[in-house]
Structure formats: structure tokens, C-alpha cells
Amino acid sequence: MRNAATLLVAFGLLAAACGGDSSEPDADAADETAATAPVESDQPSDTTQAAAETSQQPAGNAGSLVLGAETIEFDSARCFLEEQDAAGGGGKILFVAQAFGETAAGEPIVVDVSRYDEDSQFTGDDIIIDFGDPFSDDFVSMSARTDLGTVTVDGSSLSASGLTFVDSTDLAEQSGSFQINC
């Protein structure tokens, strides 16, 4: 699911970069800008609504991941702790959270946590750890598929311990735990 999101972001950036390169001013541009200028309203916008439902924790206390003997502090975290329809397989996604950090070697790391309800074909708590650039040969992804409810949700903090992560490449196992503060 995260790879699809990455591809959508990349496609969006590519589409934005493919705009015209004419240096001539567009006479309609001023009219278009005026027509699309924000209008104040008492009603919250969709963007405001989405921002209110998504919490984001800046650097400082975003949580940590313990993987084997290494503890990785998260620089930031973002969460959507609301139920939503699952795109594939039916059912609901009950929450999602992502945390971002860097290993001691300076390698970027992303932890992705999702809970799928009992009506989903992916029922349970799904934790994925990605190391490095997903488009490089050094990219590593590990995951732990656990029973529904393995991840504890306490307000806007998520945690789990006693996890076993499996490397998608060589199936090596690594013990771990995490806490994400949204």
C-alpha cells in the first residue's frame, strides 16, 4: 500500500513538472487566479477537516523503535486514527500511523502501522519497517503481521512489544517493539 502511495506522489510530481514552459505571459492566467482565489467561509474546508483528523508529531517526542539491540528515535510521526474503507479486500482500516527516523548509520527508516478489521481479508495489525530508498538496491523491508489488537492505542500513542519482524528478502527474523506518539 505504501509503495502505491509513493508511486502516486512520484506521478503527481512528474505531472506537475510536465507543465508548459512558455515564457510568454498567459492573458487568462490573471483571470484564472482571481477565479480560484480562496473565499472566506464559516464552513471548514475539506483540507481543514482532513488536517483536524490527522495528527502529526514534530521532532522531539515522536517515539522510538527497538529492533534487536538498536533503538531508533523517530524524528516525526503522523497518524490517522479514524476508521476508513479498505481499498482492496473489503472491510475497514481502523487506523494508520507512520513514523520517520534514521538508523545509527544514517539510513532513513519509515515504520508503517495499520489495523484491518475482522471483515477485511487482511484482518489484524500490520507493521512494516522500510530501510533506505525504496528505489535502490539496498532497500530493505521487514514486516510483522499480528492478531487484531496486538498494537495498543492509548489516546494518540500506539505501541507494541514482543514482535517478530521478517525480512522480505531473506526471511531473516528480528525481534522488536515500538512506540509512536502522534
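Modeller: The discussion below takes each label and sets a value against its cut-off. Please keep in mind that this is a predicted model.

Biologist: What makes up the secondary structure of the protein chain, and in which order do the elements run?

Modeller: The protein chain has 3 helices and 11 strands. From the N terminus on, the order is α-α-α-β-β-β-β-β-β-β-β-β-β-β.

Biologist: Why is Asp85 called exposed, while Lys92 is called partly exposed?

Modeller: Exposed requires over 50% relative accessible area, and buried requires under 20%. Asp85 has 54% relative accessibility, so Asp85 counts as exposed.

Biologist: What makes the pair Asp85 and Lys92 a salt bridge?

Modeller: The side-chain nitrogen of Lys or Arg must lie within 4 Å of a carboxyl oxygen of Asp or Glu. For Asp85 and Lys92 the N to O distance is 2.4 Å, so the pair qualifies. The structure holds 3 salt bridges.

Biologist: How do you know that Arg115 and Asp125 form a salt bridge, and are these residues buried or exposed?

Modeller: Their side chains meet at 2.6 Å, N to O, and the cut-off is 4 Å, so the label applies. Arg115 lies in strand E6 and Asp125 in strand E7, so the pair ties together parts that are 10 residues apart in sequence. Arg115 has 13% relative accessibility and Asp125 has 1%. Both values are under 20%, so both residues count as buried.

Biologist: What makes Asp126 and Arg145 a link between distant parts of the chain?

Modeller: The side chains of Asp126 and Arg145 meet in a salt bridge at 3.3 Å, N to O. Asp126 belongs to strand E7 and Arg145 to strand E8, 19 residues apart. Asp126 is buried, because its relative accessible area of 11% is under 20%. Arg145, at 45%, counts as partly exposed, because this value lies between 20% and 50%.

Biologist: Which residues touch the most other members of the largest nonpolar core?

Modeller: Leu65, Val113, Ile129, Leu158, Phe178 and Ile180 do so, in a core of 26 residues. Among the elements that give two or more residues to this core are strand E2 (63–67), strand E6 (108–116) and strand E11 (173–181). A second, separate core of 5 residues includes Ala86, Ile93, Val96 and Tyr116. In soluble globular proteins, nonpolar side chains tend to be buried together.

Biologist: Which residues does Val113 touch beyond four places away in sequence?

Modeller: Val113 touches Phe95, Val96, Ala97, Asp126, Ile127, Val151, Leu158, Phe178 and Ile180.

Biologist: Where is Leu171, and why is Leu171 called exposed or buried?

Modeller: Leu171 sits in the loop between E10 and E11. Its relative accessible area is 61%, which is over 50%, so Leu171 is exposed. Leu171 also has a positive phi of about 60 degrees although it is not a glycine.

Terms used:
Residues are numbered from 1 along each chain as its sequence is written. This is a predicted model: local features need pLDDT of at least 70, side-chain atom pairs count only at pLDDT 80 or more; totals for chains, interfaces and linings use all residues. Side-chain values use heavy atoms; hydrogens and water are left out. A nonpolar core is a set of buried Ala, Val, Leu, Ile, Met, Phe, Trp, Tyr and Cys residues joined through side-chain atoms within 4.5 Å. Buried means under 20% relative accessible area, exposed over 50%, partly exposed in between (1.4 Å probe, protein chains only). Helices (H or I, at least four residues) and strands (E, at least two) are DSSP runs, numbered from the N terminus. Contact means heavy atoms within 4.5 Å.
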